[in-house]
Amino acid sequence: MNQPNNPLHGITLEKIVEQLVEYYGWDKLAQKVSINCFKKDPSVKSSLKFLRKTPWARSEVENLYIATFVKSRG
């Protein structure tokens with residue numbers, strides 16, 4: 001099903017985290033979204049585990065992704 005109004009359609013959480021880390025690095029990402037899994041011994045795997053269990057944090061990460069990559073395409 002096509003979701004043209006959903007900017008995250010077809011993008012996995014893992015891809016979101018990987019692209020944000022590649023763009024910002026862990027330190028800057030931790031400043032933008034203040035969660036411990038980005039600050040202390042960060043890894044994509046530990047971040048995904050936390051974000052999948054924590055809706056507010058996942059939402060912040062998704063919003064940062066949209067602001068960083070989706071809006072700039074416009």
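**Salt bridge and fold summary**

Arginine 58 and glutamate 62 both sit in helix 4 (residues 55-70), four residues apart, which is about one turn of the helix. In this predicted model, the two residues form a salt bridge whose closest N and O atoms are 2.9 Å apart. A search of the whole structure finds one salt bridge.

**The charged pair**
- Side chains of opposite charge can pair when their charged atoms come close.
- The 2.9 Å separation between arginine 58 and glutamate 62 counts as a salt bridge because the cut-off is within 4 Å.
- Arginine 58 has a relative accessible area of 30%, so this residue is partly exposed.
- Glutamate 62 counts as buried because its relative accessibility is 18%, and the limit for buried is under 20%.

**Charge and surface**
- The protein chain carries 12 positive and 7 negative side chains.
- The centres of these two sets lie 4 Å apart.
- Of the 74 residues, 36% count as buried.

**Fold and dimensions**
- The protein chain contains four helices and zero strands, in the order α-α-α-α from the N terminus on.
- The C-alpha trace spans about 35 × 25 × 20 Å along its principal axes.
- Among contacts between residues at least 6 apart in sequence, 53% join residues at least 24 apart.

Technical notes:
Residues are numbered from 1 along each chain as its sequence is written. This is a predicted model: local features need pLDDT of at least 70, side-chain atom pairs count only at pLDDT 80 or more; totals for chains, interfaces and linings use all residues. Side-chain values use heavy atoms; hydrogens and water are left out. A salt bridge is a side-chain nitrogen of Lys or Arg within 4 Å of a carboxyl oxygen of Asp or Glu. Helices (H or I, at least four residues) and strands (E, at least two) are DSSP runs, numbered from the N terminus. Buried means under 20% relative accessible area, exposed over 50%, partly exposed in between (1.4 Å probe, protein chains only). Contact means heavy atoms within 4.5 Å. Lys and Arg count as positive and Asp and Glu as negative; His and the chain ends are not counted. The place of a charge is taken as NZ of Lys, CZ of Arg, CG of Asp or CD of Glu.
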